[in-house]
Amino acid sequence: MATPVTELDLPMMLLSDGTAAQRMNSSVDLPTDTWIIKNLFGYAVWHYDDVTGILRDKRWHSAAGKIAEIMGVTNEQFLERQTVNILTAEGDVHLRLRRLVAPAFSPRQADRLRPFMREVMNGLVDKVAATGKADFASDICEPYPIPIICELLGAPKSDWQLFSRWANDILEIFSLDMADKLDLIMRTQDELDAYTRELIEERRSKPADDLLTDLIAAEEAGDRLTTDELVMMVNAVIVGGTDTTRNQLGCAIGLFAEHPDQWALLAERPELAQRAVEETMRFFGAVRGTARFASTDIVYRDILFPAGTFMSVGLAEANRDPEIFDHATTFDITVQKSDQPQLTFGSGIHYCLGQALARAELQEALPLLAQRMPNLRMDGPTTWKPEGVGIFGPASMPITFDPGH
Ligand code: HEM
């Protein structure tokens with residue numbers, strides 16, 4: 001007979017406790033005599049095998065749709081909207097969406113944007129190269145993903161500012177006081193929806209070489225995305241694809257500033273870009289964790305988790321699991337430390353849909369920055385964003401480097 005989890009005497013703690021410096025340099029001290037702890041909402045696991053075991057078990061459903069409720073939001077219309085979403089869909093509904101949209105997010109599609117990514121990053125560095133000083137968070141991270149998402153979707157350059165505002169406002173859903181910002185979030189979502197519907201109409205009559213046209217044309221066995229689903233996908237791309245990428249870039253630079261030898265090496269050997277991205281995401285990922293809830297009674301490791309049990313999964317901690325990664329607590333872009341992937345893009349059916357695009361964005365950005373910002377150092381303390389509900393990175397990061405490159 002499995003023991004109900006409620007009958008176990010488990011320590012109560014938070015996975016992501018500790019300062020930013022602690023997070024960058026080592027994980028929080030977690031108990032060694034148990035593989036599961038209690039937290040404010042339910043339970044938490046952090047070993048690589050438990051994290052992947054739960055994320056790959058389809059009976060554990062995404063808790064993303066429940067975050068608003070947990071944050072105290074009661075607005076029915078808003079809550080309803082959060083449930084019609086690829087990130088929260090499960091079972092056949094999710095499978096159908098993933099099958100339809102996956103080809104439009106392939107590595108080949110992401111690769112088409114690489115020259116544009118370099119152009120955007122060079123443009124941003126041009127503005128600060130002469131002085132050798134920048135706030136890396138606001139000068140580089142903040143503006144980098146928006147033009148790329150616009151180019152991907154097929155939105156014109158004249159709308160970059162608009163998208164930037166929409167992304168910032170909608171991303172308030174990840175803030176701790178999101179319940180107070182509901183009016184703004186909903187108003188912005190309406191504006192974006194109206195804009196997207198217009199763009200869809202335009203592409204239907206005049207197809208172009210972009211994601212929206214690909215999504216409109218996506219078809220499997222006679223099935224197609226509805227207009228509402230297309231609008232939802234555009235929303236998902238903005239929510240999933242802007243703050244994640246910019247924060248991951250900020251985390252990477254924070255890390256490289258502490259490892260100048262690795263920075264110099266990347267400038268010298270840009271072919272290390274791919275490994276550098278995997279190692280920075282393993283060592284200091286911007287998405288620290290995610291959450292699931294039990295859709296039914298689940299027995300795992302001889303313990304019964306009743307339907308509705310909330311489970312946090314520590315991606316950042318799993319990425320430093322010494323059972324999986326050799327020299328898990330050292331940062332080194334020259335060696336592959338495991339056959340297993342780093343987990344900052346998640347695992348299982350909700351594995352990041354935009355991973356090829358995000359990887360391309362970071363693989364293009366990092367070696368270019370290493371070459372154009374030699375001798376990178378911190379020029380004052382970094383202010384880290386509050387941890388919120390999972391995405392983490394610098395709010396401000398003053399840096400200095402050798403000018404004129
Ligand atoms: C470094 C950048 C990124 C990181 C660290 C990241 C991380 C993640 C993670 C951890 C998940 C799974 C969440 C869960 O299982 O609960 C996810 C899902 C997702 N991501 Fe990303 N992401 C990044 C960039 C992007 C980009 C650029 C896009 C879009 C162009 C994107 C779109 C999505 C979507 C749509 C999902 C939901 C997939 C599904 O539920 O089937 N992400 N991402």
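User: What should I keep in mind before I start?

Analyst: It's a predicted model, where local features need pLDDT of at least 70, side-chain atom pairs count only at pLDDT 80 or more, and totals for chains, interfaces and linings use all residues. Numbering starts from 1 along each chain as its sequence is written, and side-chain values use heavy atoms, with hydrogens and water left out.

User: How many residues surround the ligand, and which are the closest?

Analyst: A residue is near a molecule if one of its heavy atoms lies within 4 Å of it. Here 25 residues surround the ligand, with R98, T290, R292, H350 and C352 the closest. By class, that's 11 nonpolar, 11 polar and three charged residues; Ala, Val, Leu, Ile, Met, Phe, Trp, Tyr, Cys and Pro count as nonpolar, Asp, Glu, Lys and Arg as charged, and the others, Gly among them, as polar.

User: Which polar side-chain atoms lie by an oxygen atom of the ligand?

Analyst: Look for polar contacts, pairs of N or O atoms within 3.5 Å. A polar side-chain atom of T290 is 2.6 Å from a ligand oxygen, and one of R98 is 2.7 Å from a ligand oxygen. For G240, a backbone N or O atom lies 3.0 Å from a ligand nitrogen.

User: Is Q248 buried or exposed?

Analyst: Buried means under 20% relative accessible area, exposed over 50%, partly exposed in between (1.4 Å probe, protein chains only). Q248 has 4%, so it's buried. You'll find Q248 in helix α14 (residues 243-258); helices (H or I, at least four residues) and strands (E, at least two) are DSSP runs, numbered from the N terminus. Leaving out residues up to four places away in sequence, Q248 touches residues including T280, F284 and L362, a contact being heavy atoms within 4.5 Å.

User: How many aromatic pairs are there?

Analyst: Rings of Phe, Tyr and Trp (its six-membered ring) pair if their centres lie within 6.5 Å; planes under 30 degrees apart count as stacked, over 60 as edge-to-face and the rest as tilted. That rule gives 15 aromatic pairs. Take F284 and W384: the ring centres are 5.5 Å apart and the planes at 65°, so the pair is edge-to-face. F284 sits in the loop between α16 (273-283) and β8 and W384 in strand β13 (residues 383-384), so the pair ties together parts 100 residues apart in sequence. F284 also counts as buried, at 0% relative accessibility.

Technical notes: Polar contact = N/O pair within 3.5 Å; in protein donor to acceptor, adjacent residues only side chain to side chain.
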